[in-house]
Each structure stands twice: as C-alpha cells, then as structure tokens.
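User: I would like to learn how to read the features of a helical model. Please take them one at a time, with the general idea before the case.

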Amino acid sequence: MKTLLIALLWCLLFVLAWPLAILVLVLWPVLWLLSLPFRALGIAVDAVFALLKTVLFLPARLLGYRPTPAAG
C-alpha cells in the first residue's frame, strides 16, 4: 500500500512539476546509498543497548526471575 501511495504521489508531482519529479527520480538512489551507514550505525547502537540490558539483568535471571509476557 505504501508503494502505491508513493507511486501516486510521484505521478502527481510529475504532472505538476516534471523537472522536479525527474530530479527526485535520479537523486533517490543516491540519498538511499548515503543513508545506509546511518542505518548500520542505528542497528549497532540498538545491539549495544540490548547487550547492556542483558548484562544488567543477568543477576536477576540467575536468581530465578522470569519476566511476565506483555498483555496484548
């Protein structure tokens, strides 16, 4: 659904301002490539926080504490 909405918005932009739409079409892959290192950094930071949480809760888990599943 998201892809369809993006395609419709791009078509609308193409009708209203075609040079800008072509520029977006050309620059989108470049922006995507530039964002990859930031995504990798975000994944790494998330992994470090998960490791810290695991290490901090290790004594409680060794003593028998088990978290209850979230109600949902």
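User: In which helix is the place of Ala50?

Analyst: A word on the source first: this is a predicted model. Ala50 has its place in helix H2. Its relative accessible area is 41%, so Ala50 is partly exposed, given that this class runs between 20% and 50%. Ala50 and Pro67 are 17 residues apart along the chain, and 16 Å separates their C-alpha atoms.

User: How many helices and strands does the secondary structure of the chain come to?

Analyst: The chain has two helices and zero strands.

User: What span should helix H2 have at 1.5 Å a residue, and how far apart are its end C-alpha atoms?

Analyst: The idea is to compare an expected span with the end-to-end distance in the model. Helix H2 covers residues 18-62, and its 45 residues should span 66 Å. The end C-alpha atoms of H2 are 63 Å apart, which agrees with that expectation. For H1, 21 Å is expected, and its 15 residues reach 21 Å from first C-alpha to last.

User: Where in H2 does a kink lie?

Analyst: A kink of about 35° is found at Leu56, and the proline Pro59 follows shortly after in H2. Thr68 belongs to the segment after H2. With a relative accessible area of 70%, Thr68 is exposed. Just after H2 there is also Gly64, with a positive phi of about 105°.

User: How many aromatic pairs does the count come to?

Analyst: The ring-centre distance decides whether two rings pair, and the angle between planes decides the class. The count here is one aromatic pair. The ring centres of Trp10 and Phe14 are 5.3 Å apart and the planes are at 25°, so the pair is stacked; the cut-off for stacked is under 30 degrees.

User: Why are Trp10 and Phe14 separated by about one helical turn?

Analyst: An α-helix has 3.6 residues a turn, so residues three or four places apart point the same way. Trp10 and Phe14 are four residues apart in helix H1, which covers residues 2-16, and this gives the separation of about one turn. Both side chains can be classed by accessibility as well. Trp10 is partly exposed at 25%, and Phe14 is partly exposed at 37%.

User: How many of the 15 residues of H1 are buried?

Analyst: The number is zero, so H1 lies largely in the open. Over the 72 residues of the chain, 1% count as buried. The chain exposes about 6,900 Å², with carbon and sulfur atoms supplying 81% of that area.

User: What radius of gyration does the chain have, and what would a compact globule of 72 residues have?

Analyst: The approach is to set the value for the model against a globule rule. The chain has 22 Å, whereas a compact globule of 72 residues would be near 11 Å. The C-alpha trace spans about 65 × 30 × 10 Å along its principal axes.

Key: Residues numbered from 1 in each chain as written. Predicted model: local features only at pLDDT ≥ 70, side-chain atom pairs only at ≥ 80, totals over all residues. Heavy atoms only, no water. Phe/Tyr/Trp six-rings, centres within 6.5 Å; stacked < 30°, edge-to-face > 60°. Buried < 20%, exposed > 50% of the residue type's maximum accessible area, 1.4 Å probe, protein only. Expected span 1.5 Å × (residues − 1). Rg over C-alpha atoms; globule rule 2.2 N^0.38 Å. Areas by Shrake-Rupley, 256 points an atom, 1.4 Å probe, with all protein chains shown as cover. Bend = angle between axes of the 7 residues up to and from the residue.
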